[in-house]
Amino acid sequence: MPGTAVRVPAPDLDASLRAQRLEARFGDPCDPSNPLGFRALLAADGASELLLGAEDLLDQEGFGAELVPVGLGGRLRDADGLMRMLRPVFRRDVALAFGYGITSLFAAAPVFAAGSQRQRETVAGLLSAGGRAAIVHRSLAHGTAMLRGEITAMEYSGGHLLDGRKDVVINAERAGAVVAYVRTDPAPGPASHSVFLMEPDRLPPGGLRVLRRRSTTGMRGCRFAGYEFDECEVPGDALVGDTGAGVRLSLRTFQLNRTLITGAVLASVDTVLRSAVRAALAGGTLGRRQRGVLAGVFADLLAGDCMATTVLRALSLLPTAAHLAAAELKYLVPDLLRDDLEELATVLGAGGYSRDTDQGMLTKLLRDLPAAGLGHAGTASCLAVVIPQLPVLARQSWGCEAEPPAALFRIADPLPPLDIGSLEVAGGGDLLAAALTASAERLTGSADQGPYGGVLRTMAAAFHADLLAVRDSCLLIEPGDRAVLASPATAALADRHAVLSAAGAALAMWEQHRYTGGFLADPAWLVLALHRYGRRLGLLLPPLPPDCVDRVAEELLVRFRAGRSFDLHDAPLAEAGTP
């Protein structure tokens with residue numbers, strides 16, 4: 001909150017070290033005596049509140065500065081680094097991550113991208129001081145409750161008069177700034193909305209009314225309230241960017257939002273996987289079926305992190321070409337994670353649905369994901385980005401686009417600073433399909449004769465052949481044919497393409513780390529992940545090598561016992577290792 005004393009880590013600490021520090025300060029979440037542990041978080045959730053001690057810790061760490069670009073005095077240098085910082089919070093509580101601050105970045109992003117210098121500095125100062133910003137989304141036909149309701153504006157005396165109501169807004173009660181997507185043109189089209197930045201305590205009395213808090217099934221600790229505007233006068237300098245630029249601004253900045261949420265929520269599933277391993281080991285050694293489920297979910301987390309990390313790095317390296325991959329990431333990976341949670345529930349058994357145990361985090365996560373925009377309702381907007389591009393990409397990109405730079409997949413390489421204003425929403429090709437094509441060509445020409453070499457060659461060729469089959473189908477679609485683009489068959493093509501993109505990210509990530517040592521160099525995780533992707537696509541793939549699942553499961557157990565993360569970074573966790 002504004003005015004809270006902020007203790008900021010040393011400025012020379014990079015994001016990975018700051019994330020380790022934050023993880024350590026949160027402490028072992030499984031320790032029942034930890035006031036910031038799972039038991040305390042579940043108790044706060046049961047009371048429909050965020051855990052006050054956890055918010056205090058984030059205040060002490062100056063976490064708001066993580067959401068502010070370095071050029072405005074903050075610590076946000078690149079999206080990949082911010083995702084690393086978010087994971088210790090998401091590992092414990094999705095609602096805490098949203099309620100404390102990530103939604104403030106979603107509100108601030110259009111201001112950082114297109115606002116005046118004064119607007120950018122105002123929002124940067126608010127967030128750095130521990131304040132909150134609320135975002136009022138425009139209405140979408142297939143959206144969740146947060147996306148229903150509309151605010152309208154008409155020009156008035158050098159400014160605008162705002163009218164309308166939005167019933168569900170995170171942090172409406174405690175926001176020091178409100179960023180609203182407002183209809184400024186009654187006609188439909190890309191210029192229908194504009195963005196306004198408002199400070200509630202500076203608006204005329206009676207112009208803005210904060211509505212009562214609403215209870216929710218998911219993210220119960222977040223404070224969902226609402227706003228009602230009644231001929232509310234806002235000055236002309238409240239407009240962010242140009243009149244009518246709201247839709248384009250939302251599409252540009254949603255790339256950042258979608259990718260950060262998806263990348264960070266992998267840590268939430270890490271928590272459930274860790275609980276499942278603990279439950280399975282309680283009976284002694286892992287059984288064959290348990291080993292298969294746990295290894296498969298671990299491979300999914302690694303492959304999902306390949307896609308998330310690649311897209312997050314692309315926001316800095318290829319800001320004009322990341323929009324397609326960002327939409328596909330948000331469309332696909334949450335769906336795969338929901339499937340993973342269902343698999344893990346079979347290992348956890350009845351204990352996974354008990355609120356008074358650490359495994360109760362599973363049922364909380366299943367409630368929280370849809371409220372966080374990671375449910376089925378969140379896929380429509382992503383498909384709306386992907387589908388219109390498919391016939392264009394089939395004609396201009398697939399099979400002929402140059403391979404993207406290797407730096408996209410080298411997770412230790414430094415990144416240029418993120419420029420939110422440089423993100424684009426059209427053109428730029430298809431970087432993950434190009435990566436799939438290049439990897440497949442190299443692997444099919446490889447002389448590696450080991451058991452994994454032959455399997456990988458066959459798998460890579462099968463995925464590439466499926467990309468060409470998708471291309472052939474998309475060539476039959478005329479760009480702009482709305483009837484065909486809205487058909488279930490085209491949506492199925494978009495789903496296939498998203499899975500192929502994920503396969504391309506995983507293949508490219510493994511290629512860049514295959515000679516670096518460590519588990520990422522082991523092809524076993526990649527083969528298992530691709531096998532699971534192939535099952536979704538219905539591809540005929542060779543059987544897994546006999547030791548594949550065991551190799552992945554052994555790495556899972558090594559990390560579990562050492563207290564290390566189940567992602568690409570293999571980072572140390574505060575959770576005590578198990579002998």
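**Figure 1. The kink in helix 9 of the predicted model.** Helix 9 (residues 323–348) bends by about 25°, with the kink centred on L329; the bend at a residue is the angle between axes fitted to the seven residues ending there and the seven starting there. Helices (H or I, at least four residues) and strands (E, at least two) are DSSP runs, numbered from the N terminus. The end C-alpha atoms of helix 9 lie 37 Å apart, which agrees with the 38 Å that its 26 residues should span at 1.5 Å a residue; the expected span is 1.5 Å times one less than the number of residues. Because 22 of its 26 residues are buried, helix 9 is largely enclosed by the rest of the structure. Buried means under 20% relative accessible area, exposed over 50% and partly exposed in between (1.4 Å probe, protein chains only). G349 follows helix 9 and has a positive phi, near 70°.

**Figure 2. D270 in helix 7.** D270 belongs to helix 7 (residues 246–281). With a relative accessible area of 3%, D270 is buried. Not counting residues up to four places away in sequence, D270 touches R91, L301, S565 and F566, a contact being heavy atoms within 4.5 Å.

**Figure 3. F98 and the nonpolar cores.** A nonpolar core is a set of buried Ala, Val, Leu, Ile, Met, Phe, Trp, Tyr and Cys residues joined through side-chain atoms within 4.5 Å. The largest has 178 residues, of which F98, L273, L294 and F463 touch the most other members. Helix 8 (residues 288–317) gives the most to this core, 16 residues. Apart from it lies another core, of 22 residues, including A153, V169, V182 and L208. Residues that F98 touches, leaving out those up to four places away in sequence, include F90, F106, M219 and I261.

Figure 4. pLDDT is the predictor's confidence in each residue, from 0 to 100. The protein averages 91, and 93% of the residues score at least 70. Over residues 1–11 the pLDDT stays under 50, and the model has 28 contacts beyond four places in sequence for them. Residues 350–356 also have a pLDDT below 50, with 16 contacts beyond near neighbours in sequence.

**Notes to all figures.** In this predicted model, local features need pLDDT of at least 70 and side-chain atom pairs count only at pLDDT 80 or more, while totals for chains, interfaces and linings use all residues. Residues are numbered from 1 along each chain as its sequence is written, and side-chain values use heavy atoms, with hydrogens and water left out.
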